[in-house]
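Q: I'm new to this one and would like a walk through it. Where would you begin?

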Amino acid sequence: MDKTAAQQTVRELWEAEILPSLSDFVAIPALSPNFDENWAANGHLDGAIEHLRAWITARDIQGARVDVVKLPDRTPVLLLDVPATSSDDKGTVLLYGHLDKQPPVGGWGEGLGPWKPVLRDGKLFGRGAADDGYAGYAATAAIEAVRAAGGSHARCVVLLETGEESGSPDLPAYLEHLADQLGRVSLVVCLDSGGNDYERLWLTTSLRGLASVDLTVRVLDAGQHSGLASGVVPSSFRVIRRLLDRIEDAESGEVLLKEMHVDIPDDRAAEAQRSVAAAPGTIRTLFPLHGDTRPVDDDEVELVLNNGWRPTLSVIGASGFPEPVDAGNVLRPFTTLTLSFRLPPTADSLAALEAVRDALTSDVPYGATVELTRTEAANGWNAPPLAPWLRSALDALSGEIFGNPWGTVGLGGSIPFMGLLAHLYPEAQFVITGALGADSNAHVPDEWLHVKQAERVTEAVAHILDAHAKA
């Protein structure tokens, strides 16, 4: 493959074709179904699908087929199916992204907004720019670059779903429906991830699982004057504090349930040390800590392992509380907290959830009523060892494209698609990467895409496709 021609093709596509279309995509309020119960009637997910379908179709890739697949009562999927450049059977390359978006949320910066694309200092701002609207464009451009540069690629299928931000509930049905069309998947490329900086290609080698539950403690049928009831009726908040002490050490943050812990593999521990050595100081400064707030540990390797291979608890929602300015002297009848556990990649999420249930519902203080609702469990993912051809390709492209060695991360978040694919295609290689950084603001105000990093990732995917075809 002519590497200069591949690079030129990618850069020209991003400047002339991708950025204008991706900006228009940002303007589509394509909320994931969990955040828009009327998604079918509102039509924004269909609008996002149609927007990408029209753009990809206009690329006019020789032999390619573009299809919108809609199963009854499920969110739509967009497929780009590109035949191999040769008759050698290297299996199917499945390139994944998603078009649904997180809610807009408030607090965007001056001149910015969730549905307002703004290109500023090499950053494209707007909801869905980085997570994950650019992925379909990048995957398509990588295929075009290989062909323009005289390279080779196996059969490629770009799959763009519209339910990822809701946990991909419809994806298993689509994978079953499309099983014959996908055939033998030998390489999976997912562009819904990123890394610790924008100086190198980062490969995600593990994803944490998830268990979540709404915990409600009720002590009264109706609120009572706190001056009359306190000291007689137990506080629902105090009961919930005692229950939380059963599952988390409040001093250290360590989760106390053995079902949520695993032995950290030696290779992943070694990767953590290498990633810290590659970019020292990065982990401690990834997030905008307020004031004098410090990370939970001074050792960056421990921070990486905490984020990738140890369970954590985050309280992400609450109910039963009035706003402070509206709070009267009332002993509240109930307290509800949403508990979100991130689990090690190889932990059993259902066993973890059952352990949470046992800990929170047995021998409840004062006999208070405990309710567990909206439970969810999803297993994580641990990547298979890299094939020699893939490691060699990563080593070569890293210097040529990024000027730095590639790195690895254990992602603290989850991509449900990966565990499902690993189960369906146990022989496949996985390249989970992307242009996201910790400061890209996915899911929060001022989401932005690092355009040059997205270009470099696109070029890297082109090199990987060519290497896979020639392996």
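A: Helices (H or I, at least four residues) and strands (E, at least two) are DSSP runs, numbered from the N terminus. Residues are numbered from 1 along each chain as its sequence is written, and the model is a predicted one, in which local features need pLDDT of at least 70, side-chain atom pairs count only at pLDDT 80 or more, and totals for chains, interfaces and linings use all residues. Side-chain values use heavy atoms, with hydrogens and water left out.

Q: OK, how many bridges pair S9 with S17, and in which sense?

A: Strand S9, residues 202–207, and S17 pair in the parallel sense over five bridges, where two strands count as paired if DSSP finds at least two bridges between them.

Q: Which open sheet has S9 in it?

A: S9 belongs to an open sheet of three strands in the order S16-S9-S17, and the pairing there is mixed. Strand S16 (381–382) and strand S17 (407–411) are at the edges with a single partner strand each, so one side of each is left without a neighbour in the sheet.

Q: Which helix lies across those strands?

A: That is helix H9, residues 266–278, which lies across S9, S16 and S17 and runs at about 145 degrees to S9. Axes here are lines fitted to C-alpha atoms, for helices over the stretch in contact, and angles run from 0 to 180 degrees between N-to-C directions; contact means heavy atoms within 4.5 Å.

Q: Switching topic: what is the strand order in the open sheet of four?

A: The order is S12-S14-S10-S15, and the pairing is antiparallel. Strand S12 (312–319) and strand S15 (369–378) are the edge strands, each pairing on one side only. On average, and with direction ignored, neighbouring strands of this sheet are turned by 20 degrees against each other.

Q: And how many bridges hold S12 to S14?

A: Seven bridges join S12 to strand S14, which covers residues 334–343, and one of the residues involved is Leu313, whose bridge partner in S14 is Phe341.

Q: What about S3, is it buried or exposed?

A: Seven of the seven residues of strand S3 (92–98) are buried, so S3 is largely enclosed by the rest of the structure. Buried means under 20% relative accessible area, exposed over 50%, and partly exposed in between, with a 1.4 Å probe and protein chains only. Thr92, Leu94, Tyr96 and His98 are on one covered side of S3, with Val93, Leu95 and Gly97 on the other.

Q: Which strands does S3 pair with?

A: S3 runs parallel to strand S6 (residues 155–161), joined by seven bridges, and Leu94 has Val157 as its bridge partner in S6. S3 also pairs in the parallel sense with strand S7 (185–190), over five bridges, and there Thr92 stands opposite Val185.

Q: What does Leu182 touch?

A: Not counting residues up to four places away in sequence, Leu182 touches Thr92, Leu94, Arg155, Val157, Leu175 and Tyr425. Leu182 is in helix H6, residues 179–182, and is buried, with a relative accessible area of 1%.

Q: Back to helices: at what angle do H1 and H3 cross?

A: The axes of helix H1 (residues 3–26) and helix H3 (residues 44–59) come within 10 Å and cross at roughly 160 degrees. That makes H1 roughly antiparallel to H3, given that angles under 35 degrees count as roughly parallel, over 145 as roughly antiparallel, 65 to 115 as roughly perpendicular and the rest as oblique. The contact residues include Leu13 and Phe25 of H1, and Leu52 and Trp55 of H3.

Q: Last one: where is there a cis peptide bond?

A: A cis peptide bond joins Asp131 and Asp132, with omega about 10 degrees, and Asp132 is found in helix H4, residues 129–148. Another backbone detail is at Asp121, which has a positive phi of about 55 degrees although it is not a glycine. Asp121 is found in the loop between strand S4 (118–120) and strand S5 (123–125), and it counts as exposed at 75% relative accessibility. Ser168 likewise has a positive phi of about 55 degrees without being a glycine, but Ser168 counts as buried at 5% relative accessibility.
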